[in-house]
Amino acid sequence: MTILLFLAGLLTLGFFGAKLIGWTCWTFAFLLWWGWPTWLLILLAIPAVIFNWPALRLRVVTTPLMRFIKKAGLLPVISRTEREALDAGTVWFEGELFSGKPDFARLQKEAYPELSEEEQAFLNGPVEEVCRMTDDWEVFQRRDLSPASWQYLKDNGFFGMIIPKQYGGLEFSPTAVSAVIAKLSSRCIPLGITAMLPNSLGPAELLVHYGTEEQKNSLLPRLAAGKEVPCFALTEPHAGSDAGGIRANGVVFKDEEDRLMMRLNMEKRYITLASRASILGLAFKLSDPDNLLGRGADLGICCALVPADTPGLELGRQHDPLNVPFFNCPFTGTDVIVPLDSLIGGPERVGQGWRMLMEQLAAGRGIMLPSQATAGAKMAARITGAYANVRKQFGLSIGKFEGIEEPMARIGGLAYTLEAARRFTCGGLDGGAKPAVASAIAKYYFTESMREVVNDAMDICGGAGISRGPRNMLAHTYFAAPISITVEGANILTRTLMIFGQGAIRCHPFAENEISALEKGDVKGFDFAFFGHVGHVVHNLSRSIVLSITRGHAASIPIEGITRRDYKKLSWASARFAILADIAMASYGGDLKRKEILTGRFSDVFSWMYLASATLRRFEGEGRKREDYALFRWSMDNAFNHIQKAFEQIYRNFDAPGIGGLLRGPLALWVRLNPIGTGPKDKDVQRVARIMQTPGSQRELLTGGMYIPRDPEQAMGRLEKAFLASVAADEVAKKIKAAIRKRELPRQPVDTLLEEAKTAGIITAAEIEVVRNAEELRNDAIQVDSFSEEEYHSTALGGGWGAE
């Protein structure tokens, strides 16, 4: 019994994070109680004194331990480019999730941003107008935006949203830029991409943060006014995901006038806007064989701005990314001569190009593609909700069938989750954070979720989804889904290497400090970090055990109400994740980054904890409205289910010697029998599906911020009109069905009983007209496009806006 009491005490000390002296006193108290001999207590007191006395511990333990780690090669080898990538950006709320004990009071204090009056006016004015001007089908047929749309974007500052006002830009917040890109993308994906690129990683952003004053004053006003069209060239045939392996090169030399120049050679591809650009941003490796700059021969990766008409550049060719018409291009450069001052930031920024790129991607990944993916999910929710009500089979709207409700709920639930995470991530960016790991999570899970959503939407809409033409509202999103999966870091790489690999070092409370101290030979720093890490492991192991036994109920949460249980479960997941991450790092060491299947599963847990946190923040930020609870509940249960599945796979496949057997055996069984989540309940699935099929504030909340045309001559306007008429007709049908149940009318199809119901006084003549009008609109809305042979072939030939 005393042994159980002793162990319970140790578990309690660990759970509350007691200091080492507390553990020492508790242990010796029990040893005295058990009557251990004095000589043995003295023997045990020696290591106790060593570990509790920092100065002695440094000499006896820490210094030899550092020598052993270095000699055994246990220190992870981090290249220069990896170090610059790791150092880029900041750690934000995702660090709380990695700690094992997230501070949810901090979560509630995080901004839930709203647009300023100026930003909202821009969204309601110029954004709405350019959406109205743009015909998505025409853009795909003509293979470009119309000249009027291009000019409108330039004239109204769309290319200068991130440029400060002092240089003529709009200086919008990340939240506003995200909202603009989302709305543009909801109308036409190429429209969103065209506005996206000048405001993401490229000349404007790099100049704002790193340019010289001369460069800023010269170029930023022209970029903001659309007088210069920029692009940025990083990717090459031999450098895709491994962008640090670029072969583009530059050589420093002096020309005949004794000016410092660069001779550039490059082969770039997948460069968006390159064929339309007037100024190119280039990433390349610079060398100085004659040491003209006095910094050695190898100067590292640099970024420069080069006018598109510079001799030696060959532009004009075009890739065709899945038939989505935006300008994505290859180009080459042979012996392109530019001044050394073309370097962004001037010669003082030599060799800083990789760090500059990583720092800006740390923020940018969380804005552009996530906003486009969110728009895709919201529009899919809007379209499928209306279509499932309008489309009838077997005498019923297909949205009433449970087989349709299930994928509909996935669409609606993920739309709610993505909007929550978009607002949450942009709120952090608005506040000055540049969370590299959170942005990587956003890039991967938003784009993957959008791919899942559009697949579900295509299944629901069936033939209406696959038949292209002006009436089709899904096909172009379906085409474009793999593009966002590929760019800004391929999703496979992002999941398996960046999210957990970078997170394990940057977000861990001690790992980066340990590595840094080892590299520098800092004994005191390593002692603090290493033994802090040991305490961290013990603390999280204890918390994980207690929270697993109590199913999270033992977690201390300073929040009351219907979300309290979700915070407790998330705290439980965080504690388990933190201890498993430490076990993995200790078991595999530097080889962990090659265990990509395993790290991918850690990324899944980490990311879904982040998405769950964002969902909680949204529900709290919007006032915990009861009518929104079904969307919140589905989203949280979906997140916990993904977390549970990833945990099961981690336990099942942990193959490290020794501890691997324990994890794969009894602990894996315990995890399966004691799940954190099991997925959304059927009743919540049905509630979400009903929200999507019911006009009103919840449907508007779910799909807010999108461009929804009301013109019935346009596909979305036509569907919306039929949807509202169908809902009105359903109210009339309810009266007839009630009469059938009361045996006031015979059991026949509702549409055959209209006149009889009118005669019986059950419905009015006006209501009959409502039903007939709805049927007419319904019939029109479900039609798909067809073409004559001549028309069909002309859609393949295209011809551009200048063609007849």
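The following legends describe close-up views of a predicted model.

**View 1. The kinked helix α21.** Helix α21 spans residues 491–506 and has a kink of about 30 degrees. The kink is centred on methionine 498. Methionine 498 is itself one of the buried residues of α21. Asn491, Thr494 and Thr496 are also buried in this helix.

View 2. Arginine 495 and aspartate 604 meet through their side chains in a salt bridge, with an N to O distance of 2.8 Å. The pair links distant parts of the chain, since arginine 495 belongs to helix α21 and aspartate 604 to helix α25 (residues 596–621), 109 residues apart. Aspartate 604 has a relative accessible area of 16% and is therefore classed as buried, the cut-off for that class being under 20%.

View 3. Arginine 106 and glutamate 96 form a salt bridge in which the closest N and O atoms are 3.3 Å apart. Arginine 106 lies in helix α7 (residues 104–109) and glutamate 96 in helix α6 (residues 94–99), so that the pair, 10 residues apart, links distant parts of the chain.

View 4. In the salt bridge between aspartate 591 and arginine 594, the closest N and O atoms are 2.4 Å apart. Aspartate 591 counts as partly exposed, at 43% relative accessibility. Arginine 594 is exposed, with a relative accessible area of 55%; the exposed class requires a value over 50%. A network of salt bridges with shared partners joins Glu114, Lys378, Glu419, Arg422 and Arg423. The count of salt bridges in the model comes to 43.

**View 5. A patch of positive charge on the surface.** Lys400, Lys737, Arg741, Lys742, Arg743 and Arg747 gather in this surface patch. One of these residues, lysine 400, is located in the loop between β9 (396–397) and α17 (402–430).

**View 6. A nonpolar patch on the surface.** Eight named side chains are shown here: Ile3, Leu4, Leu5, Leu7, Trp33, Trp34, Trp36 and Leu44 form a nonpolar surface patch. Together these residues have about 810 Å² of accessible area. Helix α1 (residues 2–15) gives the most to the patch, with four residues. Leucine 44 is part of helix α3 (residues 38–52). At 33% relative accessibility, leucine 44 counts as partly exposed.

**View 7. Two loop residues with positive phi.** Asparagine 291 has a positive phi of about 55 degrees, although it is not a glycine. This asparagine is found in the loop between β4 (279–287) and β5 (298–307), and asparagine 291 is partly exposed at 39% relative accessibility. Arginine 551, likewise a residue other than glycine, has a positive phi near 55 degrees. Arginine 551 is placed in the loop between α23 (523–549) and α24 (564–588). With 29% relative accessibility, arginine 551 counts as partly exposed.

**View 8. Phenylalanine 104 and leucine 570.** Phenylalanine 104 lies in helix α7. This phenylalanine is buried, with a relative accessible area of 2%. Phenylalanine 104 and leucine 570 are 466 residues apart in sequence, and their C-alpha atoms are 9.8 Å apart in space.

**View 9. Leucine 315 and glycine 35.** Leucine 315 is found in the loop between β6 (313–314) and β7 (328–339). With a relative accessible area of 30%, leucine 315 is partly exposed. From C-alpha to C-alpha, leucine 315 and glycine 35 are 86 Å apart in space. In sequence, leucine 315 and glycine 35 are 280 residues apart.

Key
Residues are numbered from 1 along each chain as its sequence is written. This is a predicted model: local features need pLDDT of at least 70, side-chain atom pairs count only at pLDDT 80 or more; totals for chains, interfaces and linings use all residues. Side-chain values use heavy atoms; hydrogens and water are left out. The bend at a residue is the angle between axes fitted to the seven residues ending there and the seven starting there. Buried means under 20% relative accessible area, exposed over 50%, partly exposed in between (1.4 Å probe, protein chains only). Patches are made of residues with over 30% relative accessible area and no salt bridge: like charges are joined within 9 Å, nonpolar side chains (Val, Leu, Ile, Met, Phe, Trp, Tyr) within 5 Å. Accessible areas come from the Shrake-Rupley method with a 1.4 Å probe; for residues, only the protein chains shown count as cover. A salt bridge is a side-chain nitrogen of Lys or Arg within 4 Å of a carboxyl oxygen of Asp or Glu. Lys and Arg count as positive and Asp and Glu as negative; His and the chain ends are not counted. The place of a charge is taken as NZ of Lys, CZ of Arg, CG of Asp or CD of Glu.
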